[in-house]
Amino acid sequence: MSLNKTVIITGASSGIGLGLVKAFLDHGYNVVGNARSQSGLDDAAGQLGHPASFIGVAGDVADPATSATLITQAIKAFGAVDGLVNNAGFFLPKPFVEYSPQDLDALLDTNLKGLVYASQAAAAHMIGRQQGFIINISAAVALQPNIQVPAALPVLIKGGVNQMTRALALELSPTTSRSTPSPPASSTRRCMIRRTASSSTTWPLPVGWAPSRKLPRPCCTWRARILPPARYCQWMAG
């Protein structure tokens with residue numbers, strides 16, 4: 001069943017992002033998926049089985065032009081944008097003193113700039129329509145740091161995203177019919193832990209980092225955090 005609603009999802013070719021794309025499609029949404037690689041998006045499209053409801057738009061979210069293209073392509077294909085899920089990002093744990101300037105730049109580009117640019121483009125479109133939702137995928141470690149996981153820079157950035165989500169919900173509420181601030185969606189994303197030139201340390205698997213020692217599957221993230229605002233809110237939601 002088609003709802004004639006469209007959502008943009010960044011980081012859509014694998015992991016949580018791909019799981020969310022499938023969930024939205026299965027619930028009748030059109031989806032515009034973004035990732036760096038067009039081949040990755042094409043492979044994802046082949047797995048999803050909704051050729052009329054999914055388009056993949058490759059590009060680096062750290063480039064503001066990518067966000068503009070996502071909005072333009074979504075409107076061209078489906079008429080409007082009803083929601084944005086800022087999922088693109090990566091996790092880089094290491095001792096604080098071992099972070100390099102390159103590490104900081106990479107984290108800022110994807111985890112912060114990409115989210116800001118996509119949110120700006122989506123909000124400008126949604127304000128004119130007086131409806132829409134923006135959901136930011138965060139990280140549990142940003143709410144409660146873990147002594148087993150030194151990750152000061154990811155905590156800094158994702159912690160700021162959490163607060164920006166609340167602030168943005170309030171800022172945008174007067175320009176829309178209603179607003180309902182809610183905690184940012186939180187889930188532990190898949191990450192690759194590898195040795196680097198600046199660190200010979202490897203870290204435990206992500207499941208050991210969660211307080212409950214359990215990790216949600218993408219479908220759990222969808223049901224708990226994504227579905228309520230996506231289905232029931234016709235206004236900005238933090």
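Buried means under 20% relative accessible area, exposed over 50% and partly exposed in between, with a 1.4 Å probe and protein chains only. This is a predicted model, in which local features need pLDDT of at least 70, side-chain atom pairs count only at pLDDT 80 or more, and totals for chains, interfaces and linings use all residues. Residues are numbered from 1 along each chain as its sequence is written, and side-chain values use heavy atoms, with hydrogens and water left out. Helices (H or I, at least four residues) and strands (E, at least two) are DSSP runs, numbered from the N terminus.

**Helix H2**
- In H2 (residues 38-48), Leu-41, Ala-44 and Leu-48 are buried.
- They lie on the same side of H2, because their arc around the axis (directions from the helix axis to the C-beta atoms) is only 60°.
- Asp-43 and Gly-46, on the other side of H2, are exposed.
- Cover for the buried residues of H2 includes helix H1 (15-26), strand S2 (30-35) and strand S3 (54-58).

**Strands S4 and S5**
- Of the 6 residues in S5 (residues 133-138), 6 are buried.
- Phe-133, Ile-135 and Ile-137 are buried on one side, and Ile-134, Asn-136 and Ser-138 on the other.
- S4 (residues 83-86) pairs with S5 in the parallel sense over 4 bridges; pairing needs at least two DSSP bridges.
- Gly-83 has Phe-133 of S5 as its bridge partner.
- From S4 the chain crosses through helix H4 (residues 101-129) to S5, in a right-handed β-α-β crossover (clockwise from the first strand over the helix to the second, with the strands pointing away from the viewer).

**Helix H6**
- Buried residues of H6 include Leu-153, Ile-157, Val-161 and Leu-168.

Terms used: Contact means heavy atoms within 4.5 Å.
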